[in-house]
Amino acid sequence: MFRPLGSLLPLQWLMASTATKPLAAITGASSGIGLAFAKKLAPTHDLLLIARRRELLEALAADLSTRHRSHVTILAADLTEADDLTRITTRVAAQPSLELLINNAGFGNRGLFWQTDLDTIDKMHRLHINAVLRLTHAVLGALVARNRGAIINVASVAAFAQRAGNASYGATKSWLATFTEGLHLDLVHARSAVTVQALCPGYTYSGFHDLLGEKRQSLAPRSLWLTAEAVVDASLQGLARGQLVVVPGWRYRWLLAVLSKLPLGLKVRLEAAASR
Ligand SMILES: NC(=O)c1ccc[n+]([C@@H]2O[C@H](COP(=O)([O-])OP(=O)(O)OC[C@H]3O[C@@H](n4cnc5c(N)ncnc54)[C@H](OP(=O)(O)O)[C@@H]3O)[C@@H](O)[C@H]2O)c1
């Protein structure tokens, strides 16, 4: 039976708006790299956005769900707080359509280790390590059982190149990179199609350095600064290729390739010189 095109359109719209999309859960989605992930994934994914600043998440969810007809859920939580973390891991683990977990939430601090507030360092370890550990454990078994999906852990070039005043940040980011490599080996061993990625950006425009009160031009030349969108593009392109470690930007890839070839003593002397 012939139906005029116009009569089909409402049905097509209804199907588009109710069809289930794969779900991506993003920590630290209120700003910077996490926000850029949310914007990039919104056309193709439903989203679970996690961060402390509820009002920013609400505005983002309203914008993305209107623009892309994606289902966007926000979960306001401080992932350094045990109760909040338990609530979030339980919620994320209960999502049958989850295909992508992005462990992105993080912050920096500066200062010689013994002069830095211990509570701040402790929070950094809880956010960069404990929250990632618990969230990954909550979802990975189900992803492996479904034999699909991916986890992106946002580390940093600081995982491979330290500077003075950054001991805990570099150490937690090294843990993230090493942990992700270990997960990759487990998944290969289990012959799973699930993939993991350690995303290791260099200096990126975001709220990160504003929170530290740092002037960008005093940290690095403009040519070394990346946009959050470029970092996300490199990550998702790497994910499509199944790339374990993604370092956005050829300058950073070149720098890390050179550093990795140096004897440890020389590498540490260069790091000390760069810290002056
Ligand atoms: N920017 C850089 O130069 C750079 C370079 C390499 C790696 N990275 C890494 O990239 C990741 C994203 O940082 P960014 O550059 O996008 O900085 P950003 O703009 O400051 O974003 C950080 C995100 O983490 C969230 N967050 C911080 N503490 C949290 C907590 N206790 N609980 C829940 N969420 C928390 C923040 O949300 P709320 O404040 O709303 O909670 C925010 O959404 C971090 O892991 C960072 O280490 C950044």
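What follows covers the charged pairs and their surroundings.

This is a predicted model: local features need pLDDT of at least 70, side-chain atom pairs count only at pLDDT 80 or more, and totals for chains, interfaces and linings use all residues. Residues are numbered from 1 along each chain as its sequence is written, and side-chain values use heavy atoms, leaving out hydrogens and water.

Ten salt bridges are present. The term means a side-chain nitrogen of Lys or Arg within 4 Å of a carboxyl oxygen of Asp or Glu.

Start with lysine 40 and aspartate 233, whose side chains form a salt bridge at 3.2 Å, N to O. The two sit 193 residues apart and link distant parts of the chain: lysine 40 lies in helix H2 (residues 32–41), aspartate 233 in helix H9 (residues 228–241). Helices are DSSP runs (H or I, at least four residues) and strands likewise (E, at least two), numbered from the N terminus. Lysine 40 is partly exposed at 45% relative accessible area. Aspartate 233 is partly exposed too, at 29%. Buried means under 20%, exposed over 50%, and partly exposed in between (1.4 Å probe, protein chains only).

Next comes a pair within one helix. Aspartate 63 and arginine 67 are four residues apart in helix H3 (residues 54–68), so about one helical turn separates them. Their salt bridge spans 2.6 Å, N to O. Arginine 67 is exposed at 57%.

Glutamate 214 and arginine 110 pair at 2.5 Å, N to O. These loop residues are 104 residues apart. Glutamate 214 is buried at 16%, while arginine 110 is partly exposed at 37%.

Finally, a salt-bridge network links Asp119, Asp122, Lys123 and Arg126.
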